[in-house]
Amino acid sequence: MDPERRLLPKTPTGIAGLDEITGGGLPSGRPTLVCGSAGCGKTLLAMEFLVRGATQYNEPGVFMAFEETVPELTANVASLGFDLETLIAQRRLALDFVFIERSEIEETGEFDLEGLFVRLGYAIDRIGAKRVVLDTIETLFAGLPSPMILRAELRRLFRLLKDKGMTAIITGERGDGLLTRQGLEEYVSDCVIVLDQRVTDLISTRRLRVVKYRGSAHGTNEYPFLIDEDGISVLPITSLGLQHPVSEERVSSGIARLDAMLGGAGYYCGSSVLVSGTAGTGKSSLAGHFAEAACRRGERVLYFAFEESASQIMRNLGSVGIALQPWVEQGLLQFRAARPTFAGLELHLTLMHKAIEQFKPRIVIVDPLNSFISAGNEAEVKAMLMRLMDFLKLSQITGFFTNLTAGGSAADHTDAAISSLIDTWLLLLAVESGGERNRVLSILKSRGMAHSNQTREFLITSDGVQLCDVYTGSGGVLTGSARLAQEAEERAQQLALRQEIERQERALERKRVVLDGQITALRLEFEAQQAETQALVERQKAREAQLARERLGMAWSRQADAPTGTGEPS
Amino acid sequence: MSTKPVPDTIPSAEAGLTGPPPQTYLLRLYVTGATAKSARAIANIKTICEEHLEGRYVLEVVDLYQQPELAQGQQIIAAPTLIKELPLPLRRIIGDMSSSERVLVGLDVRRNG
């Protein structure tokens, strides 16, 4: 805490959330006014202030009741686990029911409230009280005459409480145009808290607001609060600002291929992950993988289901090979299934808050987010989800949310417009073509990591989710059997091409063989001609030699002169 | 009325008209210390009792400062408070008893009106 808040001493109420809003509690030694209409929890808040004081801070308290008797009060708060009788027996709490019956009282002149002061003073001194509750002191105005005297006496009463150093809660009914019917805020000026109960869409929500806190900074918003078996819980989550630490640690998505797409390591620990997609695109299966992987690592997972029961989720995920039952049995996985209409948004948030605080998970899954949205409450839903995400981030819990995108609306649009709060946003789309629907997954954004820009086909098999490359060739982006057909066609085309080449090669070879044959034939023909020609030449030569011989023989036979030549014989 | 003789002991005509037999009044006056208001209340109630309930009342004055535990038990809020414990019904009369008319109404000695 910063030093300026130290200036005003504060008394912690012990009420979950209220001390955060008020920066430490109620002003010590001063009265605080808690006002609101009937049934909004004033008495309970005041009683819890005393009980927590007595049990947690060792500060005994006096409860002065003007409306409920001691047995009534005891019974009413017993349901919250407050055991008043024991506290009274241990002298850590004093209850005093102030009974005023107008018809029994006759005013006969000047009076004061000293009797009440004596009572209060005695009760305080008897148990050494540090805290006082007056519930509801305005009843005095109905029970006693002379409002003028009462006003003066109230002023004196608050003075007395201050003098005794009591940290007090004074409750008051809400009046017309005033915080309280009798204008108590006039006297109690240090701290004023207003409680309110409103019904929106048939769902009632209690809210708390610190109207005034003199000398101290405080949250000024209306904070929803819840009354359950542990008392009051106020949700001050939005008051905390953006100061959550961030982690460098990464956590696997449970799908190796998806981890690879997310910079090779998965989501950031403590980040918020949103999976949005139309109906039946496998959002819950992704959630199931994530949960199962976390349980395998020995981490606790809290699964808030708002559309299916726990057993239905487990059966459905079991059919795709994600077995969650063993983890539930081991206590690592817890389901909280409730209809969104079961309670108001704030109540849901508070219940989730409490469940998270109790179970202390590392991963929280909300499936789906947008079932909270009904007509006209988007702003509230957004505020609620923002508070939830802030809370998760502060606690370093990885949040995994699914969002059902309505058919026809833009896929990168969330109903509650929470996309800006999300760190990693996965988009699941069903692509319809060729008479079938195929799922594709892409990463819309993932803060703080290099992530894949590729679309993957998302197959849900009996062994869980598998991611495949999609076909992104000349035929466009194809998935499913169209992708298979396209791939087959491409393979066929390649085969045909190869066959064509082979055919051509064979043709060439054949041609070569034919040419070779022709060359041989020609050569043979040439050799034949050559041989023939030579033979002719030989034959000619032989004939010429023959003729020469014959001429010589004839000449001899005719005894002719010496040969004169070769002339014809005359 | 003629059949029932009027007793001599009746302390006042007003009380006689109320009909029931005379009864002892048990009165407790709770004051807070010796303030002027306390003193006035004690003096006033004594005068009234002497005037109207002579001989059939018991008045006890309690100082709450001395016995603070009685304040809770007796449901005392205002001071001074006079509690008429008997006869029933129980009545609380607050203030300094300066209006004797109202005190008498409160004590059911005199009808209101």
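Mentor: Start with the salt bridge: a side-chain nitrogen of Lys or Arg within 4 Å of a carboxyl oxygen of Asp or Glu. Keep in mind that this is a predicted model. By that rule, A:Glu110, A:Asp112, B:Lys37, B:Arg40 and B:Asp96 are linked in a network.

Trainee: What makes B:Arg102 and A:Glu106 a salt bridge?

Mentor: Their closest N and O atoms are 3.2 Å apart. The cut-off is 4 Å. The pair therefore qualifies, at 3.2 Å against a limit of 4 Å. Four salt bridges are counted between chain B and chain A.

Trainee: Which elements of chain B give two or more residues to the side that touches chain A?

Mentor: Helix 2 (36–52), helix 3 (69–73), strand 4 (91–94) and helix 4 (100–106) of chain B. By residue type, that side divides into 15 nonpolar, seven polar and seven charged.

Trainee: How many residues are in contact on each side?

Mentor: 29 residues of chain B and 26 residues of chain A. Contact here requires heavy atoms within 4.5 Å.

Trainee: What is the buried area between the two chains?

Mentor: About 2,400 Å², with 52% of it on carbon and sulfur atoms. B:Gln72, B:Ile77 and B:Ile94 supply 29% of the area that chain B buries against chain A, more than any other three residues.

Trainee: Why are strand 6 of chain A and strand 4 of chain B called paired?

Mentor: Pairing needs at least two bridges. Strand 6 (residues 105–107) of chain A has three bridges to strand 4 of chain B.

Trainee: Now within one chain. How do you know that A:Arg447 and A:Asp423 form a salt bridge?

Mentor: The closest N and O atoms are 3.1 Å apart, and the limit is 4 Å. The pair links distant parts of the chain, 24 residues apart. A:Arg447 sits in the loop between strand 21 (436–446) and strand 22 (456–461) of chain A. A:Asp423 sits in the loop between strand 19 (398–404) and strand 20 (424–433) of chain A.

Trainee: Is A:Asp423 buried or exposed?

Mentor: Buried: its relative accessibility is 11%, and the cut-off is under 20%. A:Arg447 has 37%. That value falls between 20% and 50%, so A:Arg447 is partly exposed.

Trainee: What separates A:Glu509 and A:Arg512 along helix 15 of chain A?

Mentor: About one helical turn, because they are three residues apart in helix 15 (residues 480–558) of chain A. A:Glu509 has 37% relative accessibility and A:Arg512 has 43%. Each value lies between 20% and 50%, so A:Glu509 and A:Arg512 both count as partly exposed.

Trainee: What makes B:Glu85 and B:Arg28 a salt bridge?

Mentor: The closest N and O atoms are 2.7 Å apart, against 4 Å in the rule. B:Glu85 lies in strand 3 (residues 81–86) of chain B and B:Arg28 in strand 1 (residues 25–31) of chain B, so the pair ties together parts that are 57 residues apart in sequence. B:Glu85 has a relative accessible area of 17%. That is under 20%, so B:Glu85 is buried.

Trainee: Why is A:Thr281 called buried?

Mentor: Because its relative accessibility is 1%, and buried means under 20%. A:Thr281 lies in the loop between strand 15 (272–277) and helix 10 (283–296) of chain A. Its side chain reaches the backbone oxygen of A:Thr278 at 2.7 Å. Residues that A:Thr281 touches include A:Leu428, A:Arg439 and A:Phe458.

Trainee: What makes strand 5 of chain A largely enclosed?

Mentor: Five of its five residues (93–97) are buried, so the rest of the structure largely encloses strand 5 of chain A. Both faces are covered. A:Leu93, A:Leu95 and A:Phe97 are on one side, with A:Ala94 and A:Asp96 on the other. Strand 4 (residues 61–65) of chain A pairs with strand 5 of chain A in the parallel sense, over five bridges. Among them, A:Gly61 has A:Leu93 as its bridge partner.

Terms used. Residues are numbered from 1 along each chain as its sequence is written. Chains are lettered from A and ligands numbered from 1 in the order in which they are written. This is a predicted model: local features need pLDDT of at least 70, side-chain atom pairs count only at pLDDT 80 or more; totals for chains, interfaces and linings use all residues. Side-chain values use heavy atoms; hydrogens and water are left out. Buried area is the accessible area (1.4 Å probe) that two parts lose on being put together, summed over both. Helices (H or I, at least four residues) and strands (E, at least two) are DSSP runs, numbered from the N terminus. Ala, Val, Leu, Ile, Met, Phe, Trp, Tyr, Cys and Pro count as nonpolar, Asp, Glu, Lys and Arg as charged, and the others, Gly among them, as polar. Buried means under 20% relative accessible area, exposed over 50%, partly exposed in between (1.4 Å probe, protein chains only). A polar contact is a pair of N or O atoms within 3.5 Å; within protein, one must be able to donate a hydrogen and the other to accept it, and residues adjacent in sequence count only if both atoms are side-chain atoms. Lists of a residue's contacts leave out its neighbours within four places in sequence.
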